[in-house]
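Hi,

Here is the structure I promised to pass on.

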Amino acid sequence: SKLRRHHLLLTKTLQQVVGHPNFLKPYCCRFLEHTLLPATMKTMDESDVGISCYISNLPGFRGILKQRYSDFIVNEVDLDENVVHLTSLEAPKECSENKDVNISDQLNRSYVTEIESFRSLAGNSDADKLKAFIDELNSGADVSDESIVLSPSSDKSHRTAIHNFFKERLKFLVTDTIDGVEDQSKCVRVRLNNDRNNGRGRSSRKRKDRDDKRFDSRGSDSWPGHLGKFLRFHLFKENKDTQEALNVIAKMLGVQLRSFGFAGTKDKRAVSTQRVTVFKQQASKLAALNKRLIGIKVGDFCHVKEGLLLGQLYGNRFTITLRGVSAESEDIIKASAVALGKHGFINYFGLQRFGSSSVPTHLIGAALLRGEWKAAVSLILDPREGDILCYFTLSIIFTVREYYKESGDIDGTLRQLPRYLVAEKAILQCLKRSPGNYLQALKAIPRTLRMMYVHSYQSYLWNHAASMRVQKHGFDQVVLGDLVYSKEEYKVKESFVAECEDVNDNNMDDYSNLDEISETDLPEERNIPVKVINEEDLKSGTYAIEDVLLPLPGSRVIYPSNDIGEVYRDLSQKDGISLTETAHKIKEFSITNMTGAYRRVFQMPKDFEWELLSYTDGTIPLAETDFDVIANSVKSKVREEDPTNGSKELPADSSAISVGGDMLSGKVRDEKINNEAGMQSEKSQSGGNAEESQMALKLSFTLPASCYATMAVRELLKTSTSVAFHKSLND
């Protein structure tokens, strides 16, 4: 009954909104936000997670971050510090050639030696079956739909040996594993490896044209020896996180998501390019997907021997455009940009590290560190103010959470719970099996996700310590007791681990792209030599302010020997947490079981560039994406190759260039993005006057992978970097 009342209230609100004249317009979501947003809504502020200081004393200015997706461009930088770009959508010929095994050349042989070898491996019965099957093949009979089933075996290693035998010795046959007659038994099934049998067999799209189970191709495909087993390509995407984009590609290819490898996830509300690898795929097959992909492009194909792993990148190259820039004078904007390039910014963990709801992830992490399992579960499951911040989907989530809190009905809640609420779903399913076992329920959450809570608390302590370091000792010089990498011992080139910028920009409940966050930016394998600054170091001037480090708490880190070290202890004790003793025996939820890490307090942007731009049309992009470069190149080739066109411009309708099947010009593409983002119309963007000139600040810089570009923007604007704040500016 309580749930019914909530649904009635929501239905009434929907009816009111549907009747509004702006309901069907692209910016309707903004209207919904103002309709549903309570005046007393409490949202997380930067100061709540220790973000409170700036380096420069210059005044801030107004600027809108991410008004358009193309205003936030991210290009991955590999370990050799090469910026990754999408430059071609075509598959190279050497990659697209598929050198299949010529089966006809392998038949018309007796294979006496191979059969005798197989007899010693599988026994007389199976060897006789195999001989009869090969003889039938050599006789010219059509056995494309026939197979033989070998004797049952519960020994997996034995079945693997049989699969490998066919892979190495009889490549014209393919094997897979099926269930045997007896319980726990398995059988190896053998058939002709002929994928071109008139649309039947393995290559058939229709299940009815195949046997009851797909034949396994793991050991049977003859992969060309001259190609690496991994296809590396560049993934270009707009308004999609990395996992979402790869999910789409995986479904189109008919492969599992785990076949892909990448160095780090990228922001969703952005345009980004990154490297990806996929196991045993032809470039031509992926290139053909470009005609069907929306908001995604793939290209720059090459085969490599090894797949990409998380953390195998130097960092990211950012091209950020701040629109609607205004200040007391243009000199303030210019001085701020110069100061950012010269002095850098405080290397805080950004707001996206702590989520966007009214229950920051570090509070859940603190409960886990204290061993308060029931409290942690409640923080994850209970209704949150952030769930009714905007949009009906979130409002429904609030209703479902409140329904569970009041009724305790697990089955009813699970039926209504959105699939992307991974943690909530895992907890409820476990509580259904084991009522009251809150620790077990927490362990049911995927490990990288549940560790995110604890790592978030470490980031919370680090941010507060960094703010105190700036407040007490400034940003001009190192002081006694600071931590630095020892230059006497630290001779290896510094490498950075992967953490996505703006990993989960809008909704921390969408965990689909968080599986790699927690452990990649807090590596527990590194043992970098760190020392405490002493009097001799101060006199020698060996260390500069950019060398200063602060630790992420753990068992193998040291703390500053000055008053900043006390910040960690005082703040953690206030939260009821000890940094040296554990409150329980669960190792994964204990800081003393984590190695810890170090992070630079001040970060300098590399290859920093900036320029002030003037614009009147808010729908025209101010920065060129990789796809724009390709489209413009195609347009240029069309002009050059058309002798009848001469020096004339292309017709107006030809400005939309077909690349990979999409008819998109720069402006049309951005208008599409604008509608998806729910931005206001051109008139409203320009303040009611389409001809009114506005100013934009365009920034380009490279950061190590563990740094947040939004913190660099914060240093310029001197305002909050929260999504809600910049949405309000745009409105």
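Predicted model: local features only at pLDDT ≥ 70, side-chain atom pairs only at ≥ 80, totals over all residues.

Asn-316 has a relative accessible area of 3%, and the cut-off for buried is under 20%, so Asn-316 counts as buried.

Where does Asn-316 sit? The residue belongs to strand E10, which covers residues 315-326. Its side chain makes a polar contact with the side chain of Lys-266, at 2.5 Å. Leaving aside residues up to four places away in sequence, Asn-316 touches Val-74, Asn-75, Glu-76 and Val-77, then Lys-266, and finally Phe-701, Thr-702, Leu-703 and Ala-705.

That list leads on to strand E2, residues 72-77. Glu-76 stands opposite Asn-316 in E10, and E2 and E10 run antiparallel, joined by 6 bridges. E2 also pairs with strand E8 (residues 271-279), this time in parallel and through 3 bridges. There, Asn-75 has Thr-273 of E8 as its bridge partner. E2 is mostly covered, with 6 of its 6 residues buried. If you colour the strand by side-chain direction, Phe-72, Val-74 and Glu-76 point one way, while Ile-73, Asn-75 and Val-77 point the other way, and all are buried.

Now for another part of the chain. There is an open sheet of 3 strands in the order E3-E5-E4, with antiparallel pairing. Its edge strands are E3 (147-149) and E4 (173-179), each of which pairs on one side only. On average, neighbouring strands of this sheet are turned by 25° against each other, direction ignored. E4 and strand E5 (residues 186-192) run antiparallel and are joined by 7 bridges; Thr-177 has Val-188 in E5 as its bridge partner.

Two helices pack on this sheet. Helix H6 (residues 124-138) touches E3, E4 and E5, and its direction makes about 175° with that of E3. Helix H7 (residues 156-169) touches E4 and E5, and the angle between its direction and that of E4 is about 160°.

H7 has a helix partner as well. Helix H5 (residues 112-122) packs with H7 at an angle of about 175°, and their axes are 11 Å apart. How are H5 and H7 oriented to each other, roughly parallel or roughly antiparallel? Angles over 145 degrees count as roughly antiparallel, so that is what H5 and H7 are. On the H5 side the contact involves Thr-113, Glu-114, Ser-117, Phe-118 and Leu-121. These meet His-158, Ala-161, Ile-162, Phe-165, Phe-166 and Arg-169 in H7. By type, the residues of this contact divide into 6 nonpolar, 3 polar and 2 charged.

Last, the chain as a whole. It comes to 25 helices and 20 strands. Of its 731 residues, 53% are buried. Among contacts between residues at least 6 apart in sequence, 78% join residues at least 24 apart.

Cheers

How values were computed: Residues numbered from 1 in each chain as written. Heavy atoms only, no water. Helix = DSSP H or I, 4+ residues; strand = E, 2+ residues; numbered from the N terminus. Buried < 20%, exposed > 50% of the residue type's maximum accessible area, 1.4 Å probe, protein only. Polar contact = N/O pair within 3.5 Å; in protein donor to acceptor, adjacent residues only side chain to side chain. Contact = heavy atoms within 4.5 Å. Pairing = 2+ DSSP bridges. Axes fitted to C-alpha atoms, helices over the stretch in contact; angles between N-to-C directions. Parallel < 35°, antiparallel > 145°, perpendicular 65-115°, else oblique. Nonpolar A, V, L, I, M, F, W, Y, C, P; charged D, E, K, R; others polar.
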